[in-house]
Amino acid sequence: MMPPDDDKLLIQRLDSHHLRGKFDCGQADLNRYLQQTAQQHQKKQVSRSWVAVRPEDPETILGFYTTTLAEIPPEHLNSKDAKKLPKASLPVVRLSRLAVDQNHQGLQIGQRLLVDAIVRTVRLLGDFAVVAMVVDAKDARASSYYQHFGFIPLLDDLLKLYLPAQALIEVYTNLTKG
């Protein structure tokens with residue numbers, strides 16, 4: 001997975017200066033979350049949201065993603081991954097939302113956001129243990145998108161997928177080579 005070649009894209013933590021009300025990804029619940037809930041969740045330490053913007057227009061949100069820490073039972077992983085891990089609940093980073101404004105879809109901004117989430121997760125591994133990144137796909141199309149990047153469906157829910165920590169590290173290593 002390589003990041004899109006767009007040095008003019010900045011990814012920043014969601015802040016009050018970002019124009020959340022203008023964002024429209026075509027999914028009412030994702031729009032509503034960004035516009036009404038994301039900032040409150042950050043203040044309450046529930047989640048973190050990150051937004052893609054351009055330097056020349058730093059208030060306009062092109063896309064966003066939200067992460068939290070979570071746990072999953074090991075039996076939800078495929079047997080190859082589960083057999084290497086304890087039988088207790090496993091710590092993960094959950095990519096709970098990822099969306100791109102309709103006016104900017106098809107420009108690989110979603111991929112850039114996904115790469116950013118992976119990089120932040122790998123950096124977290126220096127201080128906190130997580131066994132994977134888990135994503136909540138909105139529908140079968142989104143699930144297919146994540147599978148394209150190597151995510152594996154959980155056994156109990158095909159719309160929830162994971163990428164093991166070692167795969168996250170490999171993506172990060174490939175990005176930082178050269």
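**View 1. The lining of the largest pocket, sorted by residue class.** In this predicted model, the lining of the largest pocket has 13 nonpolar, 9 polar and 6 charged residues, where Ala, Val, Leu, Ile, Met, Phe, Trp, Tyr, Cys and Pro count as nonpolar, Asp, Glu, Lys and Arg as charged, and the others, Gly among them, as polar. The pocket has a volume of about 790 Å³, a volume being the space filled by probe spheres set on grid points that are joined across faces, edges and corners. On a 1 Å grid over the protein atoms alone, a pocket is an open set of points where a 1.4 Å probe fits, with protein on both sides within 12 Å along at least five of seven lines, and its lining residues have an atom within 4 Å of a point. Of the 28 lining residues, Leu 98, Ala 99, Val 100, Arg 141 and Ala 142 lie nearest the centre of the largest pocket. At least two lining residues each come from α1 (28-43), β4, α3, β5 and α4, and β4 gives the most, with 6 residues. Helices (H or I, at least four residues) and strands (E, at least two) are DSSP runs, numbered from the N terminus.

Residues are numbered from 1 along each chain as its sequence is written, and side-chain values use heavy atoms, with hydrogens and water left out. Because this is a predicted model, local features need pLDDT of at least 70 and side-chain atom pairs count only at pLDDT 80 or more, whereas totals for chains, interfaces and linings use all residues.

**View 2. The second largest pocket and Arg 48.** The second largest pocket has a volume of about 300 Å³, and of the 15 residues that line it, Arg 48, Thr 67, Leu 69, Val 93 and Leu 124 are the closest to its centre. Two or more lining residues are given by each of β2, β3 (63-72) and α3, with the largest share, 5 residues, coming from α3. Arg 48 is found in strand β2, and its C-alpha atom is separated by 5.5 Å from that of Thr 66, 18 residues apart along the chain. Not counting residues up to four places away in sequence, Arg 48 touches Arg 13, Gln 42, Tyr 65, Thr 66 and Thr 67, where contact means heavy atoms within 4.5 Å.

View 3. An open sheet of 7 strands with mixed pairing has the order β1-β2-β3-β4-β5-β7-β6, and two strands pair if DSSP finds at least two bridges between them. The edge strands, β1 (10-13) and β6 (152-154), each pair on one side only. β1 pairs with β2 (residues 48-53) in the antiparallel sense over 4 bridges, and Ala 52 in β2 is the bridge partner of Ile 11.

**View 4. Helices α3 and α5 in contact.** Helix α3 (residues 109-124) packs with helix α5 (residues 165-176) at an angle of about 110 degrees, their axes lying 9 Å apart. That makes α3 roughly perpendicular to α5, a term for angles of 65 to 115 degrees. Axes are lines fitted to C-alpha atoms, for helices over the stretch in contact, and angles run from 0 to 180 degrees between N-to-C directions. Among the residues that meet are Val 115 and Ile 118 in α3, and Leu 168 and Tyr 172 in α5.

Note on methods: Angles under 35 degrees count as roughly parallel, over 145 as roughly antiparallel, 65 to 115 as roughly perpendicular and the rest as oblique.
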